[in-house]
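Let's take a friendly walk through a protein model. Have the sequence and the 3D view ready as you read.

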Amino acid sequence: MKLYNLILITALSFFAIYTSAQNTVTFQVDMSTVDSSTFTTPEVNGNFNGWCGSCASMTDANGDNIWDITMDLANGSYEFKFSADNWNIEENLDSSLSCVALGFDSLGVLGFVNRELKLLSDTIIDVCWESCNACVYGCTDPIACNF
């Protein structure tokens, strides 16, 4: 019986460690496509922080208009989006984008479009505002440029 208990405790401990693995996630959003007079400080909001507004404010230490924040999150699926100044502005994501999660109300009407993150390891998310991809400079065709 003691051996059984030891095996069970070891297995449960391994499961707890594996399922609560922490990953370093860096969120980067290029704000160069956004009128700088419409925001002061971008933030990342999601179900990992209760869509809290300005509690996850981003910084732009080198002044290149690419704002970032790094945090630790457990393995799992998350929804998030970028906003600024405590939701004064927020991304208006196209529902056809490959990086979005769609939410529907009880009548089947589209209620929200958020970014989707399936996290299994350390990750860097590097995107242009309202895009699934990094900004492509000098390209003016959204389809050809893959924004």
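A residue counts as exposed when its relative accessible area is over 50%, as buried when that area is under 20%, and as partly exposed in between. Lys118 has a relative accessible area of 57%, so it is exposed. Keep in mind that this is a predicted model.

Lys118 has a partner: its side chain meets that of Glu116 in a salt bridge. Glu116 has a relative accessible area of 36% and is therefore partly exposed. Side chains of opposite charge can pair when their charged atoms come close. The structure holds three salt bridges, listed here:

| Salt bridge | N to O distance |
|---|---|
| Glu90 and Lys81 | 3.1 Å |
| Arg115 and Glu91 | 2.6 Å |
| Glu116 and Lys118 | 3.4 Å |

How exposed are the other partners? Lys81 is buried, at 8% relative accessible area, whereas Glu90 is partly exposed at 38%. In the salt bridge between Arg115 and Glu91, both residues are buried. This pair links distant parts of the chain, 24 residues apart: Arg115 sits in strand S7 (residues 110-119), and Glu91 in the loop between strand S5 (89-90) and strand S6 (100-104).

Now look at a sheet. Three strands form an open sheet with mixed pairing, in the order S3-S1-S8. Strand S3 (66-74) and strand S8 (123-128) are the edge strands, each pairing on one side only. On average, neighbouring strands of this sheet are turned by 15° against each other, direction ignored.

In which sense do S1 and S8 pair? Strand S1 (residues 22-30) runs parallel to S8, and six bridges join the two. One example is Thr26, whose bridge partner in S8 is Ile124.

Note on methods:
Residues are numbered from 1 along each chain as its sequence is written. This is a predicted model: local features need pLDDT of at least 70, side-chain atom pairs count only at pLDDT 80 or more; totals for chains, interfaces and linings use all residues. Side-chain values use heavy atoms; hydrogens and water are left out. Two strands pair if DSSP finds at least two bridges between them. Helices (H or I, at least four residues) and strands (E, at least two) are DSSP runs, numbered from the N terminus. Axes are lines fitted to C-alpha atoms, for helices over the stretch in contact, and angles run from 0 to 180 degrees between N-to-C directions. A salt bridge is a side-chain nitrogen of Lys or Arg within 4 Å of a carboxyl oxygen of Asp or Glu. Buried means under 20% relative accessible area, exposed over 50%, partly exposed in between (1.4 Å probe, protein chains only).
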